[in-house]
Amino acid sequence: MFYYWVLAIAPILSILSIWAQGTKTYPAFCDSIVETYKLKGDTLRVWDSLEMEWKKKLPDILKKHKITISCAECTSIIANVVLYADSSGRCRIVQKRKLSVCGGTMEAKLEYDYFKFWNNLTLPPILRKRYLLARLSIILKC
């Protein structure tokens with residue numbers, strides 16, 4: 001009887017092991033997250049300039065995905081993410097806390113284009129080696 005249980009459970013354990021290896025884990029960072037709106041001084045100025053550069057790219061991204069932000073069509077894109085830049089400045093989104101487009105879910109193609117700027121960015125030294133909670137959102141108050 002024990003032999004049959006082992007045969008039944010072994011494939012499940014194997015699948016779970018493979019799944020766990022494919023899941024990226026990041027160090028516990030919840031206590032060290034800095035919300036970008038709480039940055040100060042030069043750090044805030046650098047962040048704001050990067051965010052302005054990203055916002056210049058948004059109209060083309062929205063047009064590509066046929067999204068019109070207006071009170072009549074789509075009032076919001078909500079993207080709350082945690083960014084991390086390593087010591088070389090390579091920026092990565094390590095956690096997606098909320099992604100919503102026009103009240104629905106963000107499709108993979110839009111998500112790729114929406115975050116491409118950040119995923120290809122080398123952050124300046126002042127923003128490196130820290131976790132940043134960024135609200136990369138467009139929200140209209142209609």
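This is a predicted model: local features need pLDDT of at least 70, side-chain atom pairs count only at pLDDT 80 or more; totals for chains, interfaces and linings use all residues.
Colleague: At what angle do helix 2 and helix 3 pack?
Modeller: About 150°, with the axes of helix 2 (residues 41-64) and helix 3 (residues 108-119) 9 Å apart. Axes here are lines fitted to C-alpha atoms, for helices over the stretch in contact, and angles run from 0 to 180 degrees between N-to-C directions. Helices are DSSP runs of H or I with at least four residues, strands are E runs of at least two, and both are numbered from the N terminus. That angle makes helix 2 roughly antiparallel to helix 3 (over 145 degrees).

Colleague: Which residues of helix 2 and helix 3 make the contact?
Modeller: On helix 2, W47, L50, E51, E53, W54, K57, L58, I61 and K64; on helix 3, L110, D113, Y114, F117 and W118. Contact means heavy atoms within 4.5 Å.

Colleague: New topic: what's the phi of K66?
Modeller: About 55°, positive even though K66 is not a glycine. Most residues other than glycine have a negative phi. K66 lies in the loop between helix 2 and strand 2 (76-85).

Colleague: Is K66 buried or exposed?
Modeller: Exposed, at 77% relative accessibility (exposed means over 50% relative accessible area, with a 1.4 Å probe and protein chains only).

Colleague: And where is K129?
Modeller: In the loop between helix 3 and strand 4 (131-135). K129 has a positive phi near 55° and is exposed, with a relative accessible area of 58%.

Notes:
Residues are numbered from 1 along each chain as its sequence is written. Side-chain values use heavy atoms; hydrogens and water are left out. Angles under 35 degrees count as roughly parallel, over 145 as roughly antiparallel, 65 to 115 as roughly perpendicular and the rest as oblique. Buried means under 20% relative accessible area, exposed over 50%, partly exposed in between (1.4 Å probe, protein chains only).
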